[in-house]
Amino acid sequence: MRSASEIARDVREGASSAQREVEIALGAIRERNDELNVFLYVDESGARAAAQRVDDAIARGDEVGPLAGVPVALKDNLCQRGIPTTCASRILEGWRPPYSATVVDRLLDAGAIPMGKTNMDEFAMGSSTETSAFGPTRNPLDPTRVPGGSSGGSAAAVAANMTPLALGSDTGGSIRQPAALCGIVGVKPTYGLVSRYGLIAFASSLDQIGPLTRTVADAALLLEVIAGHDPRDSTSLPEPAPALRGHVEDGVAGRRIGVVRELIDGADADVVASVDRAVEVLRAAGAEVVPFSIPELRLGLSAYYLIAPAEASSNLARFDGVRYGLRVDGDDVAAMNEATRTAGFGAEVKRRIMLGTYALSAGYYDAYYGQALKVRTQMIEAFRRAYREVDLLVGATTPTVAFPFGSKTANPMSMYLSDVFTIPTNLAGEAAISVPFGVGENGLAVGVQLLGPGRSEATLLAAGRVLELAEGRS
Amino acid sequence: MSALRREDVAHVALLARLTLSDEELDLFTGQLAQVLEHASDVAALDLEGVEATAHPFGLVNVVRRDEPQPTLDRDEILAMAPDAEDGRFAVPRILGEDQ
């Protein structure tokens, strides 16, 4: 498989064409999409038209972007003008956004070819894609197991070689966890680095768009294209995109890296063994690796499952049958609102809305939501103290390898626990990367997670690259 | 914190504009109680004097110049709506017949 930068080079230099790359991607999608349920919508005509435009620009001798002719998959909570966007929910079935997300505009400007919309947990609420209203995605490494979630379709698209690049969103681990379970690279960027304009909101203070790719260098390339200030997102960091591609081979010599007990304890033995081996690789590459503990991280899961549902209950109030999507009739407007939401939302979305509404309701606000916001402060301060002593932290991405379908659906709490290692980064607004490293139970993929402070993407990618090289990948 | 009761869940469903069947009420009461039980570690902490963080970087009052910007096309938006009339979203009646 060629990397994204190799494909773009081939297209620019005439060894390939954007149209040829699109046909390769469409062929790969046709071959396995029925089996794996990766794409909810494949935009064949739009992809072919976009490829034609790139090829025409090259023929004219125009400057084309760094992703010229590279197919990319979009999670179905990212708006693309005129393309069905459902968040894998019945409540948005048939809706076509009247505008595109900033990340989609930037992909097109860079010459990339959006191929369609990938399956996900409904409104990004889940860790397996089993809450999708349109059926789960299957893990390309073992179709009897989940791909992780919520960006499970995007992770599977890359793992099944349908597209070299995909975008997902990460609110509590929704990029890193499926990347780990599908054996690919996933980056949760610093909060505000990538514009959220056109990302359908789940929990606005936690959501961040990021790359899912086969290689670390491709993640750097894709993140460079989508990052940078956007006046249409008021939480967007007021600074240009960082230079990342040039730092991928920087290595870790002289870096101090903390091995975080709280990001390893409770993981299965095969996962722990991979983290142990990653630590040895980082040490051999010249990093000073030290044992570390951040006890505050143990409160992350509880705080997250108060804060994220609270924000979701507010964000999802907009789905009321008035302006877009599903409407189920009722005698008056309140009955219509309620009938629409009851029919349109699945069980997990209802559970989170209920949980959030409760955490924000009179009498419980201070005890739950208010306390969780204070824990968030403590977590930010704990990370800040840690990063005075070390440059990066390392741990597992997930406690287990990919699990079988249905094994966690009856007990929501057991599903929530699969994000226990990824959630703290979102609460702190910081950055983290999951890199496939080692092999676990049944030959399945294991992800090692590297965490850093805000704006540490270049350092994280360089460290991820050290692990990738040790695995003999590209 | 007192245990979550079935009537609490019914009240929250009302606030959230969701209709729950009897079976769903039973199921959700148990499941939400389990999550809140897990969250009791947070609820029980003494955090007197700790500031709340609602947002990681605390960017405040981001403003732009008050100049007209291109916006979305009204007809295109209304064409995607469940119901529209005379250039507006249309909904079932809000007030009773005699109000």
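Buried residues account for 64% of the 474 residues of chain A in this predicted model. The C-alpha atoms of the chain occupy a box of roughly 65 × 55 × 45 Å along the principal axes. The radius of gyration of chain A is 21 Å. A compact globule of 474 residues would have a value near 23 Å, so the two agree. The secondary structure of chain A consists of 15 helices and eleven strands.

Helix α5 of chain A spans residues 152–159. Eight of its eight residues are buried, so the helix is largely enclosed by the rest of the structure. Just after α5(A), the backbone of A:Asn161 adopts a positive phi of about 60°.

A:Gly300 has 26 C-beta neighbours inside 10 Å. The cut-off for a buried residue is 20 or more, so A:Gly300 counts as buried. Leaving aside residues up to four places away in sequence, A:Gly300 touches A:Met379, A:Ile423, A:Pro424 and A:Leu427. A:Met415 lies 115 residues from A:Gly300 along the chain. The C-alpha atoms of A:Gly300 and A:Met415 are separated by 15 Å.

Chain A also meets chain B. The contact involves 54 residues of chain A and 45 residues of chain B. On the chain B side, the elements that give two or more residues are four helices: α1 (6–15), α2 (22–38), α3 (40–43) and α4 (74–79). Helix α2(B) supplies the largest share of this side, with six residues. By class, the side of chain B that touches chain A holds 31 nonpolar residues. The remainder are six polar and eight charged residues.

How values were computed
Residues are numbered from 1 along each chain as its sequence is written. Chains are lettered from A and ligands numbered from 1 in the order in which they are written. This is a predicted model: local features need pLDDT of at least 70, side-chain atom pairs count only at pLDDT 80 or more; totals for chains, interfaces and linings use all residues. A residue is buried if 20 or more other C-beta atoms lie within 10 Å of its own, exposed if 12 or fewer, and partly exposed in between; C-beta atoms are placed from the backbone. Two residues are in contact if their C-beta atoms, placed from the backbone, lie within 7 Å. The radius of gyration is taken over C-alpha atoms; the globule rule is 2.2 Å times the number of residues to the power 0.38. Ala, Val, Leu, Ile, Met, Phe, Trp, Tyr, Cys and Pro count as nonpolar, Asp, Glu, Lys and Arg as charged, and the others, Gly among them, as polar.
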